Amino acid sequence: MQRISTRNARFQQFQTLLTNRTKRGRAREFLVQGVRPVTMAVEHGWTVRSLLYDASRPLSRWAEELMRGVATERIAMAPELLSELSEKTEGAPEVLAVVEMAPDDLSRITVDEDFLGLVFDRPTQPGNIGSIVRSADAFGARGLVVTGHAADPYDPKAVRATTGSFFALPVVRTPSHREVAQWLDGERERGRPVVVVGTDEHGECEAADFDLTQPVLLVIGNETAGLSAAWRERCDHVISIPMTGSASSLNASNAASVVLYEARRQRLAKERGRHL
């Protein structure tokens, strides 16, 4: 067991996982806080590289079980340093986990006859990525692909916004739309015809009028620019969300949640129809 009570080199190494995307990517690890997120990371088989805990107080039953159940490095840390790493203004978390990143491999996403997946193209806000992951998990999607020059899904703001769903839903980064297109072509060759559906205020029909019970990959465009020309060309269909009022569009994560809910509603209705 190690102890860290000063801002030494090891502490600074952990700090870069919060603030430096390049170093975070080079280390292939990120910080996770909160009972639910840490528990879900362990339950879903993610590799925990270190557990940092508050050396100044007795551990809760949850933390004790975590320490016993996860065979990894344990570091006792001064509470003020834990507080810094958690970016909390008041109080220190009991435990922080340093978790290994998952591979950016599209094969992590399962494609079958009930497939529902998402692409978020060039997102600029980590919080929006996190919100979409949370909604995707809630409404039965199989995975999220983040494409292009984009915010980092492993950014602390993104991971926190998922409230643990990050560890249940595969999130894969690709440099561009091309890697996704090749993956889809391969799935189609294996007899899984996934329909690519974009979302845009000028869609050909409303989401409720489109069949979202088939294998579907939903594409959400950049928060400001919307769908790129490359993705628009790749989409088999483009659908819209009906709106009233003065708003011309929805926040990207809100739009994704609306369409995901509609897909879930249609699929549940179809399932009920089979049992009648």
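Me: Which residues do ring pairs link into a cluster?

Reply: In this predicted model, the cluster linked by ring pairs consists of F30, W46, Y154, F166 and F167. The structure as a whole holds 10 aromatic pairs.

Me: Why is the pair of F30 and W46 called edge-to-face?

Reply: The ring centres of F30 and W46 are 6.1 Å apart, and a pair requires centres within 6.5 Å, so the two rings qualify as a pair. Their planes stand at 80°, and because angles over 60 degrees count as edge-to-face, the pair takes that name. F30 belongs to strand β2 (residues 29-33), while W46 sits in the loop between α3 (35-43) and β3 (48-54), so the pair ties together parts that are 16 residues apart in sequence.

Me: How do you know whether F30 and W46 are buried or exposed?

Reply: Buried means under 20% relative accessible area; F30, at 0%, therefore counts as buried, and W46, with 13%, is buried as well.

Me: What makes W46 and F167 an aromatic pair, and which parts does the pair tie together?

Reply: Their rings lie 5.1 Å centre to centre with 85° between the planes, an edge-to-face arrangement. W46 is in the loop between α3 and β3, whereas F167 is in the loop between α7 (156-161) and β8 (171-174), so this pair joins parts that are 121 residues apart in sequence. F167 has a relative accessible area of 4% and is therefore buried.

Me: Where do these residues stand in the largest nonpolar core?

Reply: The largest nonpolar core has 52 residues, and F30, W46 and F167 are among those with the most contacts inside it, together with L118, L144 and L218. Helix α10 (residues 252-275) gives the most to this core, with 5 residues. A second, separate core has 18 residues, including V119, V194, W231 and C235.

Me: Why is helix α1 described as roughly parallel to helix α5?

Reply: The axes of α1 (residues 9-19) and α5 (residues 79-86) come within 9 Å and cross at roughly 25°; since angles under 35 degrees count as roughly parallel, α1 is roughly parallel to α5. On the α1 side the contact is made by F11, F14, Q15 and L18, and on the α5 side by L81, E84 and L85. These residues divide into 5 nonpolar, 1 polar and 1 charged.

Key:
Residues numbered from 1 in each chain as written. Predicted model: local features only at pLDDT ≥ 70, side-chain atom pairs only at ≥ 80, totals over all residues. Heavy atoms only, no water. Axes fitted to C-alpha atoms, helices over the stretch in contact; angles between N-to-C directions. Helix = DSSP H or I, 4+ residues; strand = E, 2+ residues; numbered from the N terminus. Parallel < 35°, antiparallel > 145°, perpendicular 65-115°, else oblique. Contact = heavy atoms within 4.5 Å. Nonpolar A, V, L, I, M, F, W, Y, C, P; charged D, E, K, R; others polar. Phe/Tyr/Trp six-rings, centres within 6.5 Å; stacked < 30°, edge-to-face > 60°. Buried < 20%, exposed > 50% of the residue type's maximum accessible area, 1.4 Å probe, protein only. Core = buried A, V, L, I, M, F, W, Y, C linked by side-chain atoms within 4.5 Å.
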